[in-house]
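Student: I have a structure open and would like to learn how to read it. Could you take me through a few features?

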Protein chains: 2
Amino acid sequence: MSLLKEKPKVLNVGLESFYNDLKAEGADALSIDWSPPGGGVPELVKALERLEGDEYEEANAKAIEAFTSSDPELISMKLAKEAVPALNGMALAHAGPPIEWERMSGPLKGAVIGAIIYEGWANNESEAISLVRSGKVKFMPNHDVGMVGPMAGVISPTMPVFEVADRVHGVEVYTNVNEGVGKVLRYGAYGSEVIHRLNWIRDSLYPALKEAIALHGPVKLKPIMSQALQMGDELHTRNNASTLLFLGEIGPYVKIGGMPQTQYSEIIQFIAKNQLFFLNLSMAAGKAMMDPANGIKNSTVVTTLSRNGTDFGIKVSGLGKKWFTAPAPVPKTLFFPGFKEGDANPDIGDSAIMETNGFGAFASAASPAVAQVVGSSASEAIRITKLMYEITLVKDKSFPIPYVNFEGVPRGIDVRLVVSTSIAPYINTGVAHRLPGIGTVGFGLVQAPMECFINAIKELAG
Amino acid sequence: MSLLKEKPKVLNVGLESFYNDLKAEGADALSIDWSPPGGGVPELVKALERLEGDEYEEANAKAIEAFTSSDPELISMKLAKEAVPALNGMALAHAGPPIEWERMSGPLKGAVIGAIIYEGWANNESEAISLVRSGKVKFMPNHDVGMVGPMAGVISPTMPVFEVADRVHGVEVYTNVNEGVGKVLRYGAYGSEVIHRLNWIRDSLYPALKEAIALHGPVKLKPIMSQALQMGDELHTRNNASTLLFLGEIGPYVKIGGMPQTQYSEIIQFIAKNQLFFLNLSMAAGKAMMDPANGIKNSTVVTTLSRNGTDFGIKVSGLGKKWFTAPAPVPKTLFFPGFKEGDANPDIGDSAIMETNGFGAFASAASPAVAQVVGSSASEAIRITKLMYEITLVKDKSFPIPYVNFEGVPRGIDVRLVVSTSIAPYINTGVAHRLPGIGTVGFGLVQAPMECFINAIKELAG
């Protein structure tokens, strides 16, 4: 009887060629890259067996309670050096796990050069490189000093940062101001227009926005994120709705007394027309929600996914602050006109905190427009969200996705589920040119490297 | 072979009980309330036969060209009496087809009383009613004087109106400013808070917004509507995204010099927090797009659907300005807390111009959130959009709906298709309390009465 009412939904387990044939025939098939749990590798099978038991379920229940009860609010803005003591002096924070200059990819090097010029520590590219080579510039991952930044994520001492606090768990997180798309620092560009925009952000946008936030009072970020999810955002590659909701929230509180018309117009225009403006706030909210879930003994929940353009790194709750890294893969990219295969840098940015948290590719089904932008399709977007339910612990009802019957986003990646199913987390991402100084080349889709999760499993199993 | 790849899609024709059984079994079924063409009524069958031929197809091609090529822009604001000569003096325009005071429903009477108090022609309800009974107040339908207004749609001489122009066809359309939800004039409320808000709109919002529009230059409305459709709006009952997109467009052009902070904050807040603010502009754009398609000999395209709370009226291109009316039905309503069955007034408002134009219920599939608000479901929303394809002439690619494979909205209701299929247009709508002075009681779903279309067919067939 059910054959008459439904077309078969085929779950292909194992060899992908069967799945490809089914899809070519138009069948509703889901392919799971199955090999026996842990890929049948005896060491992993044993590790996974060792990670079963009440102590793990209880630890993960605590982690779930932590990240679902978190309530991040935008409370103020500061200069980075006021927010992060380690940024006093000649120091730069960057996206992803720790990395030294020599191993940095082009866009990260470009952003470092730009930040040094912005800070006035050097006047041009070659001076900046000499300064770095002299060893005088200290580097640190954003994630290790309470910050996040998209793409290269370079944050220097006098850049303004948003201050996002979760008062439930006493967490504070900082993030920089999104510059827009194209030739921008976070994609490795450092020409005069980039520096000019960063100066304008510090001198014009920052004081006005800081004042507006003070006048408004704390801006709760979860309601904006939840509404935006009903409006086509997945909050990583698409923040169109969240940005406008933020503008609607903060716009009325801009203090216009004595403000020149030009400054006012530029500020409102900059927010309204930068459809990624809210991304950094989504990310800070993401870190503020996941940080309270980190450091819980025996918890197998992934609390960070991040990349520096060379290495991909993850953190797992039960393993605390330790990074587990592997080479960053190159995203499958839909290039902007003028760019081509080979231009793309390997995956970069702290923005995978969005996927860590259940958004971005995990919430693909909320955002068919993004599927088009990353070279996917609406049905593929739904498939990816459903696949991510396989490796996560909760469907968070605070963030319902309309076209998956208003089910919640998939939150709480379980490193055990990733390894046992061999399904690596998907990530929607911007793609930088692999050379410094150029910028955005497109948007793409990528999967986290399995090696990070395998190494974490081994360490968890002791 | 296809039985293996697809579940059957059942088109149930005729008795609805078969369809209900199929749905209960979870089958993908579409029910068409079939009776033979024209319900098998010999007179209608003959009329439909008489309306076949090249002259009708050619006329409809012209109508389609007219409404698809239209390019409405917001160009300015005026007082209603400056925009519409007939509103000089003691005159009020209202939604729907023509109607005299005695036959007006509660909410329309309430809005008339409120507008008279607002204009200062009377000081209270009883004075206002006496004035109307004296015959001194002239009434006219908005649609007949180049205007549209949601719900009661009452527009009085000194209310500010938006001026929307389609320069392709030389059309100008006016609409009033949306007041928000709850106790508002358009839902028949006329207490002091209502009058106070109308005064504020005239004295504070209007001059500032008029100046901002002048500074910005013409605001193209189709791109905002198209983007909003990708962001969960169907542009009738939900205008959340379009309102914010409009704020992002016009916000930077508010002239802040000399403006008190309170006025500025109130204006931006009023737009940002009134999720129906853009509705009136959607409606004016709708009329500006459909008006050029009216008056084409032999065209069977419906160019107006509108209701005054007592009568439902339509206009058909080949029949020019003539109204074809029938009693307005009561919407199937999802009531706000505190209201119940029996409180709902029959269908009211010019806002069905949205459905006339391919939005609202016709674009249901774009807006699963609205399906929830009007008491429907996401799958029902998709079903309604697909059903509306059955009675319309084009899928307009300028307005793609993500979850119907990015197919365009159903535009160009053909009065022949409505009568031959017996499928009446669906409408998403706000619902007013049936008594004057109360306001909004909920949102609902309603179908246009078939009688209007049947009468138009008869007249077209001569």
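**Reading helices and a buried residue**

Tutor: Begin with confidence. This is a predicted model, and chain A has a mean pLDDT of 94, with 94% of its residues at 70 or more. The scores for the model are ipTM 0.89 and pTM 0.91.

Student: How are two packed helices described?

Tutor: Two numbers are used: the angle between the helix axes and the distance between those axes. Take helix H8 (residues 192–216) of chain A and helix H11 (residues 261–273) of chain A, which pack at an angle of about 80° with axes 10 Å apart. H8(A) is therefore roughly perpendicular to H11(A), since angles of 65 to 115 degrees count that way.

Student: Which residues of H8(A) and H11(A) make the contact?

Tutor: H8(A) contributes Ser204(A), Leu205(A) and Ala208(A), while H11(A) contributes Gln263(A), Glu266(A), Ile267(A) and Phe270(A). Sorted by class, the contact of H8(A) with H11(A) has 4 nonpolar, 2 polar and 1 charged residues.

Student: Which residues of H11(A) are buried, and what covers them?

Tutor: The buried residues in H11(A) are Tyr264(A), Ile267(A), Ile268(A), Phe270(A), Ile271(A) and Ala272(A). Their cover includes H8 and helix H10 (240–250) of chain A, together with helix H10 (240–250) of chain B.

Student: What span should H11(A) have, given its 13 residues?

Tutor: At 1.5 Å a residue, the 13 residues of H11(A) should span 18 Å, and the end C-alpha atoms of H11(A) are 18 Å apart, so the two values agree.

Student: Now a single residue. Is Asn280(A) buried or exposed?

Tutor: Asn280(A) lies in helix H12 (residues 279–290) of chain A. Asn280(A) counts as buried because 26 C-beta neighbours lie inside 10 Å, and the cut-off is 20 or more.

Student: What does Asn280(A) touch?

Tutor: Leaving out residues up to four places away in sequence, Asn280(A) touches Pro150(A), Phe162(A), Thr175(A), Asn176(A), Val177(A) and Asn178(A). Compare sequence with space as well: Asn280(A) and Leu235(A) are 45 residues apart in sequence and 9.7 Å apart in space, C-alpha to C-alpha.

Conventions. Residues numbered from 1 in each chain as written. Chains lettered and ligands numbered in written order. Predicted model: local features only at pLDDT ≥ 70, side-chain atom pairs only at ≥ 80, totals over all residues. Axes fitted to C-alpha atoms, helices over the stretch in contact; angles between N-to-C directions. Helix = DSSP H or I, 4+ residues; strand = E, 2+ residues; numbered from the N terminus. Parallel < 35°, antiparallel > 145°, perpendicular 65-115°, else oblique. Contact = placed C-beta atoms within 7 Å. Nonpolar A, V, L, I, M, F, W, Y, C, P; charged D, E, K, R; others polar. pLDDT = per-residue confidence, 0-100. Expected span 1.5 Å × (residues − 1). Buried ≥ 20, exposed ≤ 12 C-beta atoms within 10 Å, placed from the backbone.
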